[in-house]
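Subject: Structure for your files

Hello,

Here is the structure, with the sequence alongside. My notes follow below it.

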There are 2 protein chains.
Amino acid sequence: MQRTLIIDALNSEAAQPTIALCGWIRTRRDAKDFSFVEINDGSCLTNMQCIVDTGTPAHAGLGDAATGAAVRVTGELVPSPGKGQKWEVRAQHVEVYGLADPESFPLQKKRHSDEFLRTIAHLRPRTNKYGAMFRIRSEAGFAVHDFFRGRRFSLVHTPVLTGADCEGAGEMFRVTTLEPGAKDLGEDFFSRQCNLTVSGQLEAEALATGLGRVYSFGPTFRAENSNTPRHAAEFWMIEPEMAFADLEDLMELGEGLTRHVVDHVLTHCENDVNLFDSFVDKGLRERLQHMLAAPFARVSYTEAVEILQKCGKSFTFPVSFGTDLQTEHERYLAEEHFKKPVIVYDYPKDIKAFYMRQNEDGKTVAAMDMLVPRIGELIGGSQREERLHRLEARIREMGQNPEDYWWYLDLRRFGTVPHAGFGLGFERLLMMLTGITNIRDVIPFPRTPGNLEF
Amino acid sequence: MQRTLIIDALNSEAAQPTIALCGWIRTRRDAKDFSFVEINDGSCLTNMQCIVDTGTPAHAGLGDAATGAAVRVTGELVPSPGKGQKWEVRAQHVEVYGLADPESFPLQKKRHSDEFLRTIAHLRPRTNKYGAMFRIRSEAGFAVHDFFRGRRFSLVHTPVLTGADCEGAGEMFRVTTLEPGAKDLGEDFFSRQCNLTVSGQLEAEALATGLGRVYSFGPTFRAENSNTPRHAAEFWMIEPEMAFADLEDLMELGEGLTRHVVDHVLTHCENDVNLFDSFVDKGLRERLQHMLAAPFARVSYTEAVEILQKCGKSFTFPVSFGTDLQTEHERYLAEEHFKKPVIVYDYPKDIKAFYMRQNEDGKTVAAMDMLVPRIGELIGGSQREERLHRLEARIREMGQNPEDYWWYLDLRRFGTVPHAGFGLGFERLLMMLTGITNIRDVIPFPRTPGNLEF
């Protein structure tokens with residue numbers, strides 16, 4: 001008979017004379033007259049409790065299957081007398097697909113450390129915590145697509161392989177088909193140096209100047225040799241670009257996206273969020289709800305610097321106009337001063353990228369960062385410099401050659417428009433949504449220096 | 001005032017005294033008393049026609065802006081007396097953001113070849129054809145997410161960077177942070193060889209054996225040095241994996257996904273599909289509708305070979321049991337014999353991968369390919385070998401070392417389950433949906449040997 005997912009069985013309107021469920025055994029307790037077996041199939045956090053009476057064919061079918069074994073249980077769906085679950089299954093038939101030897105199966109019914117679970121990343125999706133994590137990851141991803149489509153953005157796939165080596169080349173991965181040791185780039189696949197992208201922005205701008213509103217959602221890469229809980233060599237970025245839009249529109253977009261994803265996850269992942277609220281980050285749910293309760297704060301960089309200078313707190317890094325905000329400053333603003341997400345805008349031009357639009361004051365650019373409690377920077381973006389001569393001059397000021405940007409400058413040469421975009425690190429968003437503090441634990445198979453297993 | 005997207009203006013229920021539109025000029029015709037200006041903002045295929053009366057401030061604002069210029073038009077939305085459009089705008093104010101010098105702007109009002117447009121891939125989204133293409137790409141992408149979420153699959157991001165070098169290593173790109181010429185892998189970022197993924201399948205299997213049903217949708221890479229209209233070095237793949245599922249479930253999933261995306265695109269991209277039906281591939285719409293009209297055909301490999309042997313057609317490659325089907329055979333089956341998509345299943349084990357589940361006949365594996373008219377193979381998948389000893393034996397038969405697959409074999413060691421999955425090349429799907437015959441023209445910035453521009 002057709003199998004039912006546990007989430008659907010748990011949401012059943014009525015008892016059912018026969019139902020078939022599949023899953024992995026999470027716990028088994030043997031009493032004299034029956035065994036309690038809880039199974040989980042990944043469709044939700046909650047297990048289905050199955051009662052298998054001793055001496056029945058079902059009990060014989062169950063055999064000595066214990067934690068980790070994969071089973072198919074057919075039985076009657078009946079109201080559960082126990083607490084905490086509405087339904088349970090009285091097993092009529094049990095089939096074991098695969099046992100899990102208790103001596104060697106690494107996941108036992110106890111708390112395992114995150115460090116240990118990273119060494120068995122192929123099995124950790126079977127734990128409550130990582131199952132919840134990856135379901136939230138999936139729903140947050142869907143919410144991103146849903147949000148942008150609702151605003152008529154087109155999803156675009158910007159390339160991962162890129163010839164751009166102008167910006168921060170030291171932190172890029174090189175891609176090659178040459179044997180190790182060979183160095184004649186003329187013989188290489190692309191007949192020139194190829195890198196893994198650090199951002200799809202420039203290509204997204206090209207697409208936005210035809211399609212109007214676009215967003216990319218894909219992997220990006222940084223070859224930073226730093227082992228921190230906030231850095232991974234491979235992570236996913238969301239990068240919208242809007243033609244005919246200014247910084248104001250961009251701030252509204254960033255706030256709208258963040259609110260939409262938070263709201264979607266609170267609505268669609270209630271049990272999974274509760275797990276993190278209970279066991280990982282007390283107060284998580286309330287903090288997320290608080291984010292939705294009022295508009296985000298907005299403050300210019302100049303005002304932000306004044307707040308930080310006057311706050312009486314001693315920071316490791318001193319702050320004055322022209323310095324980049326550090327995570328300690330970003331977190332102070334969001335967590336202590338505003339006590340909610342805050343968008344800081346109009347940063348000094350000297351600490352920002354060449355493509356950001358210069359303001360009339362000659363000192364600042366139309367950039368914005370969204371800072372959120374616990375995380376710091378979640379979003380970084382700007383209105384883009386659409387004036388050809390200003391952009392060319394800025395490229396030269398940075399000691400680069402405008403010819404390397406021929407096609408990017410074409411976008412300003414032909415029908416240039418005010419436009420704006422940002423980048424949002426998807427893993428940072430997930431850390432905010434779950435309270436998880438190590439980026440390695442929101443990525444199924446994380447890549448960090450020296451770590452390439454699985 | 002707040003700008004309106006052209007698609008929303010075109011769908012307006014009523015005339016409006018003032019409306020603001022932005023866009024790029026597609027055509028301009030000057031008459032004695034007024035200028036006709038058609039603008040497009042990428043939100044849809046259709047332009048908005050604007051009437052700018054000679055001698056008005058609006059006409060002065062328009063100046064000599066022509067094809068390619070970016071403008072903002074404010075005016076009255078009124079019923080259009082002309083054919084083919086319901087509304088037009090009588091301009092009250094025109095602002096030009098950016099001109100496009102007619103002498104140097106490469107996109108003029110004429111038909112450009114696809115080959116030429118590839119050399120200006122940063123501008124081609126401004127043409128009707130590529131605008132339509134990328135809107136279909138976006139909607140098809142959304143339909144994929146929508147379909148899987150509706151069936152309770154979790155979206156997973158499998159890694160792009162991989163240490164796997166067991167399968168077809170010759171066609172993989174290598175990733176490194178070493179300088180060209182250096183070869184001490186111990187000094188490399190991951191202290192070992194790193195490649196770009198050719199498939200997320202093995203990782204997706206690990207996730208499916210915790211989450212139950214998962215799919216990945218991400219970039220994959222092949223370093224094949226072949227310049228054909230069907231191969232790109234970087235393309236996007238959709239790879240679902242289902243625990244507790246067999247080949248039958250997999251065939252149903254592949255057919256369901258294909259039908260869902262076709263139906264979604266026909267419904268949501270009507271004008272864009274009509275463009276391809278009229279100018280690129282006559283009969284496209286009817287062919288897509290025909291796909292929805294009846295169930296897809298299903299035939300075993302053995303039967304398919306018999307059909308091909310008896311059909312009386314002379315193929316370049318002869319067919320007999322044990323040979324791989326070539327594109328000519330696949331297209332004959334789908335286009336001429338069945339005249340619709342056909343799923344071929346139970347292929348000889350010797351031409352298929354080690355992880356496919358062996359059938360009891362000892363000769364075949366539970367593999368399936370979905371073949372569609374014009375394209376050939378759209379989907380390739382299989383039930384996976386879940387029996388530990390059979391899988392280990394098969395790895396050894398292929399001359400490989402089971403220890404290299406330690407974590408993949410763990411999935412069979414602990415709670416193994418019948419499971420199945422497939423890969424669908426997103427660009428092939430787009431070629432099917434548009435009639436475009438060169439893969440370079442369904443990717444915003446395609447990567448092929450020697451081509452890494454933009």
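This is a predicted model: local features need pLDDT of at least 70, side-chain atom pairs count only at pLDDT 80 or more; totals for chains, interfaces and linings use all residues.

The domain assignment puts domain 1 of chain A at 6–98 and domain 2 at 124–441. Their centres, taken over C-alpha atoms, are 45 Å apart. In contact are 8 residues of domain 1 of chain A and 7 residues of domain 2 of chain A. The two domains of chain A bury about 580 Å² between them, with 42% of that from carbon and sulfur atoms. On the domain 1 side, W24(A), R26(A) and L45(A) supply 74% of the area buried against domain 2 of chain A, more than any other three residues.

Two residues of chain B are also worth a look.

R126(B) sits in the loop between α3 (114–119) and α4 (128–150) of chain B. R126(B) is buried but has no salt bridge; D410(A), the nearest side chain of opposite charge, is 8.4 Å away. Beyond its neighbours within four places in sequence, R126(B) has contacts in both chains, including T209(A), L411(A) and F414(A) as well as W24(B), R26(B) and F105(B).

T197(B) is in the loop between β9 (194–196) and α5 (201–211) of chain B. T197(B) has a relative accessible area of 5%, under the 20% cut-off, and is therefore buried. Not counting residues up to four places away in sequence, T197(B) touches P159(B), V160(B), T162(B), P219(B), T220(B) and F221(B). The C-alpha atoms of T197(B) and P159(B) are separated by 7.3 Å, with the two residues 38 apart along the chain.

Regards

Methods. Residues are numbered from 1 along each chain as its sequence is written. Chains are lettered from A and ligands numbered from 1 in the order in which they are written. Side-chain values use heavy atoms; hydrogens and water are left out. Helices (H or I, at least four residues) and strands (E, at least two) are DSSP runs, numbered from the N terminus. Buried means under 20% relative accessible area, exposed over 50%, partly exposed in between (1.4 Å probe, protein chains only). Lys and Arg count as positive and Asp and Glu as negative; His and the chain ends are not counted. A salt bridge is a side-chain nitrogen of Lys or Arg within 4 Å of a carboxyl oxygen of Asp or Glu. Contact means heavy atoms within 4.5 Å. Domain bounds come from an automatic or database domain assignment. Buried area is the accessible area (1.4 Å probe) that two parts lose on being put together, summed over both.
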